Amino acid sequence: MTAPLQDASLADAHVRLDAWSVWFASTHALDAVSLVVPRGGVTALIGPSGCGKSTVLRSINRLDDGQAGLRVTGRILLDNVDIHDASIDPASLRRRIGMVFQRSNPFRRSILENVVYGPRLHGLATGDALAAVAERALRRAALWEEVKDRLGEPATSLSGGQQQRLCIARALANEPDVLLLDEPTSALDPGATQRIEELLYDLRTDVTIVIVTHNLQQAARVSDHTAFLLDGRLVEVDATRRLFTSPRDPRTEAYITGRFG
Amino acid sequence: MAAPPIPSFATDQSRARESSRQRGVQSIGDRLYGGWITASALVIPALLLLVAVVIAISAWPAVQSLGWRLLTDTTWDVPHARFGLLPALLGTLASSVLALTLATPLAFGAAIFVSELAPPRLRRPVALLIDGLAAIPSVVYGLWALVVLVPWLRRDVMPFVRDTLALGNVPLFAGPAYGPSLLAAALVLTIMILPFIAAVAREVLQAVPRSQREAALALGATRWEMIRDAVLPNARAGLVGAMILGLGRALGETMAVTMVIGNAHLLPTSLFQPAYTIASLLANQFAEASGPLHVSALMAAAGVLLAVTIVVNGFARWLVRRTEQQR
């Protein structure tokens, strides 16, 4: 925990990667990444394609568990508990850590059925309470007004941007503490992108958000902290404003000024 | 904006290339190729039509002289010119549907294991072994069933069901239990169609997009819940298709069934009694058919089998399309 300085104190670390390394077969995807994600607010992960930022994200909810040839060293702590501890069940870990993907992936079910999938699975609510959970989640995802009269329609009848917000609502319905977003707007038009960015701004107060993005302007707009990764290593992490205005590492400067990536 | 002229220039060039090709030497090759493809596409439906027409013409005398009795009569008595297909038709359906019922859960289970649960190292070997079942010739299955399956049924299974379980009075297990039976045919068919259903089901399951699996996993689904909620709903239409493929094979399977079903013109009311299928009937009698009406009746039987297969296929297509639309 020495190399990249980070001013967020360890006390309010929500998620903490501690010398986290990942190999897929012989590919060394992440090399001793140590990173603190503070509680609340938005942390952005930036870097060129293949730098390992998605792998960081997928490590936090253990989504790559069971991949052929996966090997890991180091620790990831959620609320100071090692997520690979034998007492941690990956399924309930993923209940607490929501995830939204690059391409919206609603189930081939109705809008309502998509939103209540998680709560029903985990027994968080039943019967009429499920409808209330769905409404709350859809409101938080700023989708309620658009879909309240068509909850029974197939999720695939929504537009691309609406589908992505539905996926956010579906993740929020589980009442997660952490929300991981893997390039959530890269397949959307500017209008839909803006709506999702506004949404993230509203959500930051009660959910810790980690977002992977290719789009540097987006990272600058939505995040409080930004981490720059290159070739599986963490180069620099800092308050977003500082990282974009006065980066300490020349490689960070080169990247944010568009000299590579 | 200096960009637009460049693409349009490129398009002009490729357009020029295209038209020179149309006028040039290659056009003969193109025309030959097109003709060959069109001919191939026409030959295949023509063959099916030809087969159907030949069967219809040959079956006509029997249809004319026997009418609906061909389908409703339960007696097959060549010397007295009674050619009732009902037992063989029902035997065909009973043995095939029974085999499908037994094979489907096994095949789907194997497919889910290979595609979803098996450790990566085990997947290929298990899949290869299952596919290997499909490579065994029909007659070998028949021999195995004759030498192993039928004696086992006669010695162990049938006495156990009738005496130990005291189910001898139940019509489903009635009759002289001497081995060759509807049950023997259904069991050998089960093993024979298993690899086909399993192979198609495996392909269908593996084609379910990873994004759907990850959607369920990321919401905290266990592996089983993911299979139930994300994989199977996406694979439904294809799985129905896999079953129908198996059923189609079971309906037409001849050799192995003929060897173990007992070949008796009895309505298939008991699992332990011998029965008949249309395919077995044709295999047994065609070579030594006596008299034009006998031949014609057998042709009518072939027509019925063809019709059943086509109806099953049509039903399958309809079912697949309906499940697709329900999504």
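**Close-up 1. A:A142 sits in the loop between α5 (128-140) and α6 (144-147) of chain A.** Phi of A:A142 is near 55°, a positive value, and the residue is not a glycine. Most residues other than glycine have a negative phi. How exposed is A:A142? With 17 other C-beta atoms within 10 Å, A:A142 is partly exposed.

**Close-up 2. A:A32 has a positive phi in a strand.** Here the residue belongs to strand β2 (residues 27-38) of chain A. Its phi is about 50°, although A:A32 is not a glycine. A:A32 counts as partly exposed because 15 other C-beta atoms lie within 10 Å, between the limits of 12 for exposed and 20 for buried.

**Close-up 3. A:R170 is a buried residue of helix α7 (residues 160-172) in chain A.** Why is A:R170 called buried? It has 31 other C-beta atoms within 10 Å, and 20 or more are enough for that label. Leaving out residues up to four places away in sequence, A:R170 touches A:N114, A:V115, A:Y117 and A:G118, and also B:L219 from the other chain. Look for A:M99 as well: A:M99 and A:R170 are 71 residues apart along the chain, yet their C-alpha atoms are separated by 9.4 Å.

**Close-up 4. Chain A and chain B meet.** How many residues take part on each side? On chain A there are 19, in contact with 16 residues of chain B. Two helices of chain A, α2 (90-96) and α4 (117-121), each supply at least two residues of the side that touches chain B. The largest share of that side, 4 residues, comes from α2(A). By type, the residues of chain A that touch chain B divide into 8 nonpolar, 6 polar and 5 charged. For the complex, the predictor gives an ipTM of 0.91 and a pTM of 0.82.

**Close-up 5. The largest nonpolar core holds 154 residues.** Among the residues with the most contacts inside this core are A:A169 from chain A and B:A184, B:V188 and B:V260 from chain B. Helix α7 (residues 182-206) of chain B gives the core its largest share, 19 residues. Which residues surround B:V260? Setting aside neighbours within four places in sequence, B:V260 is in contact with B:G142, B:A145, B:L146, B:L149, B:V150, B:P180, B:A184, B:A185 and B:V188.

**Close-up 6. Helix α4 (residues 86-117) of chain B bends along its course.** This helix has 32 residues and reaches 45 Å from its first C-alpha to its last, close to the expected 46 Å. Where does α4(B) bend? The bend, about 30°, is at B:A103, and the proline B:P105 follows within four residues.

Close-up 7. Chain A averages a pLDDT of 91, and 95% of its residues score at least 70. Chain B averages a pLDDT of 88, with 91% of its residues scoring at least 70. Where pLDDT is low, the predicted coordinates should not be read in detail.

Notes. Residues numbered from 1 in each chain as written. Chains lettered and ligands numbered in written order. Predicted model: local features only at pLDDT ≥ 70, side-chain atom pairs only at ≥ 80, totals over all residues. Core = buried A, V, L, I, M, F, W, Y, C linked by C-beta atoms within 7 Å. Contact = placed C-beta atoms within 7 Å. Nonpolar A, V, L, I, M, F, W, Y, C, P; charged D, E, K, R; others polar. Expected span 1.5 Å × (residues − 1). Bend = angle between axes of the 7 residues up to and from the residue. pLDDT = per-residue confidence, 0-100.
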